[in-house]
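Please keep the sequence and the model at hand while going through the points below.

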Amino acid sequence: MSRHAPSPLAIVGIGCALPGGTDFATLMQQHAWRASQFVSHFGWTVAGEPLQGGQVDTDHFDYKKFSIPPLFRKAVSRETRMALLSAEEALSKLTLSDALRDHCDQLCATHMGSDAAYRNATKVTALRTLAEQLERDESARSQIDAYKQALAGTLGATSHDRVGEMASTIPARIAHFAHTRGKCQTLDGGDLGGLRLLQAAQDNFRYQDSQLAVLTSIQCFHHSHQSEMLYQQGVSIQQPWLEGAISLVVCPVAVAQQQEWPILMQLGTITTSDTEQAPAGYFAGASQVFYQLLGMYLSGASSCAGAACLGPGWQIHTDLNCDNPAGHDTQVAITQYRPITALGHDTNRFWQTLADGDDLLRTQSAQQLNAQAFVRDTPQKLSTYINTAMSFDSHNPLDVTLNKPMMPAKKARLDVSQLRLLQAAQSIEIGAFKRPAVILACNLSLDADRQAGASALWDQLPAAPTQLPQPTPPAINRWSWYGATGLGGARLLAEHLGMPDADCIAIEAACASSMAALHNAVRGLQSGRYDGIVVAGIETATLERDLVLCGAQMMLSAQRIRPFAKGADGFTPGDGGGLFVLQANFDASHTIAHIDAISGSCDSRSMTAPDPQGQALAMYKTLQLASVNPEQVQYLETHGTGTTLGDQAELESLCAAYRREHQQPLYLGSGKYNFGHCFAGAGAISLAKMLAALEHGSIPPTPVVGELNDALPFDSIPAVVPQQTKPWPWLADKHRIGAINAFGTGGINYHLTLIQTHSKES
């Protein structure tokens, strides 16, 4: 593994999409900027006061320039349009070689949901409301289907709705436009989002798989409910609120010098601070830090600092503080884990389900899925053609039991996925970490945020066959923001574990989110930034909106998920994920396994179709950092979605990266057969399955439903899908070695190798 000492970040490109059509070139002409130049009325009030600030107009966005077909334009969020404009300007003066494109990461920061997510929530909520109003009407179904057409005409309904609403689509779109193929993810750090991007880049550049990064912060304010949630968290409404997208192209100084790129600014120490910092006088959400960096650059200052509303204070200096903790050369240990499924978080029940080849497939309850509104036998607009999933028993937060009582006023405002996470954390014991962090992989805009958005858009609904009463979510209080945001979930987990001062970050990378969170945790531990990290990944993927949006893309199996099987027609969604404790330089006798290497890539060719070359690139980059070679890997947990294109692409990529000369086969599995596809929690389920297999010294089966798909190139690797539990033998050097794939919409790919070392305990 090639590791480099920490070094300053060189900023070699800057781009902006700010209020009033202001870009970076305009700022350079002005030589400065002031918050007051952007101020106007938002059009709504907060706490009885009119909210003032600056919003960004993207109505004249050139979709053709960014290769977005006309059919999908209504699905593209305003955040995405702003990000593309800023990234285009930041990259405009740089010429990238193919080698740099393969190692150019796309990292974004946002906070709260997008207009695309709110439109989708409005359509789905309106249809459920209509079905409830027409419950006893014999012609209800035909009236509902007619209303679906009206909704599509007003708010749009395309097969790209699911893609367009995802925060991780933003960096994937940037990669698609720029033809870059590095790691992709979007994070939520509140108004510390820009700082978290810079820290991630600094940690990533210590390893050869990252040589360049496009860092983009994006903040939009869409409606008064969103603003009320932020106000309840202490964000002042007496200052202007600024939207904006700001992109920084950063790299190590040595790379900039090698490419002969002018260095606009160098950044050294990038850290949160316990000392009190002066407020900026404006609130820019996820773009706060980058806005202040613009001021630092234009004024020629050597540092900047701020007081975050949603986190600790922060500081950035041009010099590199030599007092930064030293990085670690050893692998990162996983010391505890808890799976999260409809079975709860019991590791024994989890393993028994895997070992027996069982699954959690069940019919959705009426509370979870209104069949009259959504279930249709054949694919239709704003409908689903399945009514079975691998879901939690209830999606009502009040139905989740916790060991420690929680106030109903708090519990009712949290997301069911957050409560399931807290439930699993009850049995985790955390040591006395000096520099802790909590990194949560999840959807960055949760149900409460989307329902608030639906309420704000309700008056835009087309006329319905009967009056549609506006949904009345709980009144907004201080807990509403927690239950609505990814960052709120990470903060809840940190507080629940007795780590109130931990750095908290939420990450979304589509269905590779959990692996992206693990990647950031590993890099944070290796750099010495942290000494202990709790990583979690979870999503409730069986909500009505997800069934409808995935149904539009024909991703769902009409029967059940059948990885590697002939005639496999899609996946079955599942609710769940997992929780893990990671430490560096930990006592091997108490380690379940350690992460040997992890890296990622972006296909960048398509927003939906998987690319074997892009997936193989993630594996190559990981294996270049690993201490093991491909032939030593005994068992690989695949992404294994059971889609025709997905299975074929994954097996082709495995042929490229894992083909072996000896006859000992590579064993393949997919935990999605047992627990469904948990989206942001999928990689966490895969890791929990791998750890359980290592603990029991056995490789569990992945039952093939029907016949094995003989069109898949198993023999070329060679690879075998076990049909019964098999012993997992020790290699000659007393190791067991596994690997995990996690792939996501937008071509986001991550790959990980894992090692268990023989000890008395194991």
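What covers the buried residues of helix H16 in this predicted model includes helix H4 (115-133), helix H6 (161-165), helix H9 (224-232), helix H17 (480-484) and helix H20 (544-552). Helix H16 itself spans residues 447-457, and its buried residues include Asp449, Arg450, Ala452, Gly453, Ala454, Ser455 and Leu457.

- Helix H15 (residues 416-425) is mostly covered, with 10 of its 10 residues buried; they are Val416, Ser417, Gln418, Leu419, Arg420, Leu421, Leu422, Gln423, Ala424 and Ala425.
- Ala412 is found in the loop that runs between helix H14 (408-411) and H15, and this residue is partly exposed, having a relative accessible area of 32%.
- When residues up to four places away in sequence are left out of the count, Ala412 touches Leu398 and Pro474.
- Between Ala412 and Thr125 there are 18 Å in space, C-alpha to C-alpha, while in sequence the two are 287 residues apart.

**Domains**

- The protein is divided into domain 1, made of 9-114 + 165-317, and domain 2, made of 332-457 + 470-757.
- Taken over C-alpha atoms, the centres of domain 1 and domain 2 are separated by 28 Å, and 48 residues of domain 1 are in contact with 55 residues of domain 2.

**Nonpolar cores**

- The largest nonpolar core has 134 residues, and those with the most contacts inside it are Trp33, Leu198, Leu267, Leu293, Ile316, Leu582 and Leu754.
- Helix H24 (residues 682-696) gives the most to this core, contributing 9 residues.
- Because domain 1 (9-114 + 165-317) and domain 2 (332-457 + 470-757) both give residues to this core, it lies between them.
- Leu582 touches Val332, Ala333, Ile334, Leu518, Ala521, Val522, Leu525, Gly532, Ile533, Val535 and Ile595, if residues up to four places away in sequence are not counted.

**A pair of packed helices**

- Two packed helices are described by the angle between their axes and the distance between the axes.
- For helix H2 (residues 78-91) and helix H7 (residues 169-178), the axes come within 9 Å and cross at roughly 40°, and H2 and H7 are therefore oblique to each other.
- The crossing in which H2 passes H7 is right-handed.
- On the side of H2 the contact is made by Glu79, Thr80, Ala83, Leu84, Ala87, Glu88 and Leu91, and on the side of H7 by Ile170, Arg173, Ile174, Phe177 and Ala178.

- Leaving aside residues up to four places away in sequence, Lys74 touches Arg119, Ala152, Gly153, Thr154, Leu155 and Gly156.
- Lys74 and Asp23 are 51 residues apart in sequence, and their C-alpha atoms are 24 Å apart in space.

**Backbone features in loops**

- Ala47, in the loop between strand S2 (40-46) and S3, has a phi near 55°, which is a positive value in a residue other than glycine.
- With a relative accessibility of 41%, Ala47 counts as partly exposed.
- Glu260 also has a positive phi although it is a residue other than glycine, with a value near 60°; its place is in the loop between helix H10 (253-259) and strand S9 (265-267).
- Glu260 is exposed, with a relative accessible area of 72%.
- Ile717 and Pro718 are joined by a cis peptide bond, for which omega is about -10°, and Pro718 has its place in the loop between strand S23 (698-699) and strand S24 (719-720).

Terms used. Residues numbered from 1 in each chain as written. Predicted model: local features only at pLDDT ≥ 70, side-chain atom pairs only at ≥ 80, totals over all residues. Heavy atoms only, no water. Core = buried A, V, L, I, M, F, W, Y, C linked by side-chain atoms within 4.5 Å. Buried < 20%, exposed > 50% of the residue type's maximum accessible area, 1.4 Å probe, protein only. Helix = DSSP H or I, 4+ residues; strand = E, 2+ residues; numbered from the N terminus. Domains from an automatic or database assignment. Contact = heavy atoms within 4.5 Å. Axes fitted to C-alpha atoms, helices over the stretch in contact; angles between N-to-C directions. Parallel < 35°, antiparallel > 145°, perpendicular 65-115°, else oblique. Left-handed = near helix turned anticlockwise from the far one by under 90°.
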